[in-house]
Structure formats: structure tokens, C-alpha cells
Amino acid sequence: MMRLTPDDAALLAPGLLAKAERGERLNHAEVTALYHLPLPDVAAVAHSLRLKRSDPDTVTFLIDRNINYTNVCNVGCNFCAFYRTKRQKDSYTLDYEQVSAKIIELEAVGGSRILMQGGVNPELPLEYYTGLLRHVKAHHKGIRIEAFSPEEVLFMEKQFGLDLDTLLDTLIAAGLDGLPGAGGEILEDDVRAKAAPARIRSADWFRILDAAQRKGLYTISTMVIGFGETYAQRASHLLKIRDQQDKALRDYGHGFAGFAMWSLQTEHTRLAGKAPGASAHEYLQQLSIARIALDNQPNIQASWPAQGFKVAQAALYYGASDLGSTMLEENVVSAAGGGGRHSATIRELVRIAHDAGYKPAIRNSYFHILRYPDVNEVLGLGLGAELEEERAVGAGA
Ligand code: SF4
């Protein structure tokens, strides 16, 4: 792999941003060079591409709930503050009624999707997973189930002695609608080996998501920065995601529905004080570069759980077109610190989008708009009326 110095990057700069702005595909050296350019210049190109590749007036989000059905896990990632061993007093596995109670709360606020993931719990039989899916489908008709990260699927393959096709067919028959692409982190195995020696390797991550896409399941791609990875490794991660998206679109007619990127949180983990994490500047830089590099992905999310609402709002001018989801009950990122919030209300996400100058829209998993909330109603009638008037005057000036 070619190593790029800041001087090399400076030489590439004049034509590079113009090429990116035209929407032309960048190679690995060119994507790596973007990290050495001034962020405002890179962000301007990213925002211009965001306006072309997704609805320029709208910022979307989804009403959903995270459900972590168990926190027992035998993978033991160094960056994880969520998992417990089965002997720890606060370890748990939810029964189906407990899962249902959480979904009823989601249904009450008009939610349409659960994102259900756990630790890798060696005590659970295959029937727990299939029974859980069947239970949710039987009792919550309008709810999509996107569940089980590639790490959990890899575990099930080994634990239950099933080949991947048979396993996915079994889960789909029980009610699975999609696989979240969690566990992407940095898809370079030397970075993964340091952060989590037992973690799923990149080839398995792609193998499992490719099979899911082949079977028509919803998938999403992810990235986490801040392990101490190099710019070249970040660029490699993005280009591997882009290659898989090309393949899936060509061979299956659909690929990753969106791209979500956040920064590593290390509080209460074994990486605390040992991994650099990422500042707001670095996060916004990475987001901008992702928008430029992922020329086959229109839907790019801002991460408020890791970066907080204010940085997420700024991200809407650094390439992001979506605020992710309400995530009622996010446990994994928040256990390791995060932006201080475990969930967002509809009002908060509407406010972020509206105040940034966009029309907020509630979407489904595939980023199709379900409805436009009435901003005045959601934010409270009369709230900020004078401000609205002032803005309207400003907009016309
Ligand atoms: S990140 Fe997931 S796989 Fe790793 S220890 Fe935590 S729960 Fe287990």
C-alpha cells in the first residue's frame, strides 16, 4: 500500500477537490490525501455532494428502539463496557415478555423498528433466537426486526453447526428482516486484533453481510474511529465498504441502506487512556471524507450518541443527511461514555434538523420518508414564533 506524506497530499490537492466535487471516484491514495487538506475545504465538497446525492431540503430520522436481549458475552472486546460474564451479578438475558414490554413502549410513540443485539451468550440455544423472532412477529405486527450483528451470526454458525445459508434461512423464516452491520469498526485486521483479539475478522464480517444482502435482508455499513488507526487504514475501510456496495448493487440490486460512523468511547473499558478516540474535528473530518469516498451511498448518518446533539447538528453540513434514529434505550455506546445521551426524543431530532435549516422527516429503515412531522406542533405552538419570523425575514434578504 502506498504511503502518503502531507507533502504528497499538498501536491495532489489542487485537482483532487475539484475531481471529488465532480463526483468522480477517488482511489486509495486520493482518499488518504483528503485527511491532509484543510477541513473547511473538504467539508465544502462533502456538503455539496450531500446536496446532490440526497434530498437537499430534508434531514431524515427513524423512530426505533434498541433492545439488547442479553449482556452476557464471551468475546470480551477491550473497548466494550457493556458486556458481562454470566457470573457477574448484573448479567441478564431478557425473556420474551420483557422484550414485548419494551416494544409496546416503542409502539406507543409510533416506532417501526427494533434493533436487537446482544452479547455473544454461549448459554442460549438456537431456539431462543428463533422463538424470540417468532414471538415479536406474532405480537407486534407492524414492527420490523433488524437483529444480530455479524459477530452474533458467526457465533451461531459455530455453536449450532449450521452453514451460513441454512442459518440465515432459519432466522428469516422465524421473522428476521435485517442484519445491522455493527462490529465494522475499522475493517483492517491488525487494528481489530489490537482492539479486540477475539473479535470477528473483516473477511467474516463481509462474508456474512454479503450473504445477508444476497438473501434480500436489510443491511447497513458502519465505521468507528479512534483506535489509533492510520489515515491509510481509514481510507482502506471506506474503499472496502464501497467495493462491497458496488458488488451488492450489481449482483443483488440492493446494498447497504446507509452508512453510520461514530467515534470510539472508552470510559470504563480496558482501552481507557490507551486509545486516542476522536475529537469533534476529527469526527467531522472523517464524516466529510466518508461522504466523498462513498460515491455509491446516498444515506450518511450523523452520530448523536457518540458526539452529542450539537456536533451531530453541525454534521449536517459535513456530509450527513440523516440523524440516525431515536434509539430509545441505547446501551452499548453509552456504557462506554458517549455524548451523554442514551436516546433522543422525536422533538429533539426535529429541533436539530429544523434549526439547522432542513425539513425534518420520519423515515423507514430504507430511508424512504413516511411522514413530515408538523414542526410547530412537535416543537410547541408559539415556541420561538418571533424567532421564526426573524428567520423568515432573514431568508428573504
Ligand atoms: S462489543 Fe459486542 S462482541 Fe464485543 S464484548 Fe461487547 S457485546 Fe461482546
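Let's start with the salt bridges: the chain holds 26 of them, a salt bridge being a side-chain nitrogen of Lys or Arg within 4 Å of a carboxyl oxygen of Asp or Glu. The general idea is that side chains of opposite charge can pair when their charged atoms come close. Keep in mind that this is a predicted model, in which local features need pLDDT of at least 70 and side-chain atom pairs count only at pLDDT 80 or more, while totals for chains, interfaces and linings use all residues. Residues are numbered from 1 along each chain as its sequence is written, and side-chain values use heavy atoms, with hydrogens and water left out.

Take Arg 113 and Glu 146, which form a salt bridge whose closest N and O atoms are 2.4 Å apart. Arg 113 sits in strand β3 (residues 113-117) and Glu 146 in strand β4 (residues 144-147), so this pair ties together parts that are 33 residues apart in sequence. Helices and strands here are DSSP runs numbered from the N terminus, with helices being H or I of at least four residues and strands being E of at least two. Are these two partners buried or exposed? Arg 113 is buried, at a relative accessible area of 5%, and Glu 146 is buried too, at 0%. For the cut-offs, buried means under 20% relative accessible area, exposed means over 50%, and partly exposed is in between, using a 1.4 Å probe and protein chains only. The pair also belongs to a network of salt bridges that links Asp 64, Arg 113, Arg 144 and Glu 146.

Ser 112 counts as buried, with 19% relative accessibility. Not counting residues up to four places away in sequence, Ser 112 touches Leu 62, Ile 63, Gly 142, Ile 143 and Arg 144, where contact means heavy atoms within 4.5 Å. One of those, Arg 144, is in the salt-bridge network as well.

Next, look at Glu 188 and Lys 240, another salt bridge, with the closest N and O atoms 2.6 Å apart. Glu 188 lies in the loop between β5 (178-179) and α8 (189-195) and Lys 240 in helix α10 (residues 231-252), so the pair ties together parts that are 52 residues apart in sequence. Glu 188 is buried at 12% relative accessibility, whereas Lys 240 is partly exposed at 29%. Asp 251 counts as partly exposed at 40% relative accessibility, and Arg 250 counts as exposed at 60%.

Now for helix packing. Two packed helices are described by the angle between their axes and the distance between the axes. The axes are lines fitted to C-alpha atoms, for helices over the stretch in contact, and angles run from 0 to 180 degrees between N-to-C directions. Helix α5 (residues 126-139) and helix α7 (residues 164-174) have axes that come within 8 Å and cross at roughly 30°. That makes α5 and α7 roughly parallel to each other; angles under 35 degrees count as roughly parallel, over 145 as roughly antiparallel, 65 to 115 as roughly perpendicular and the rest as oblique. On the α5 side, Leu 126, Tyr 129, Thr 130, Leu 133, Arg 134 and Lys 137 meet Leu 167, Thr 170, Leu 171 and Ala 174 of α7. These contact residues divide into six nonpolar, two polar and two charged. Here Ala, Val, Leu, Ile, Met, Phe, Trp, Tyr, Cys and Pro count as nonpolar, Asp, Glu, Lys and Arg as charged, and the others, Gly among them, as polar.

What about α12 (residues 304-315) and α14 (residues 346-355)? Their axes come within 9 Å and cross at roughly 40°, so α12 and α14 are oblique to each other. Trp 304, Phe 309 and Gln 313 of α12 make the contact with Glu 348, Leu 349, Arg 351, Ile 352 and Asp 355 of α14. This set divides into four nonpolar, one polar and three charged.

Stepping back, the chain has 16 helices and 11 strands, and 57% of its 397 residues count as buried.
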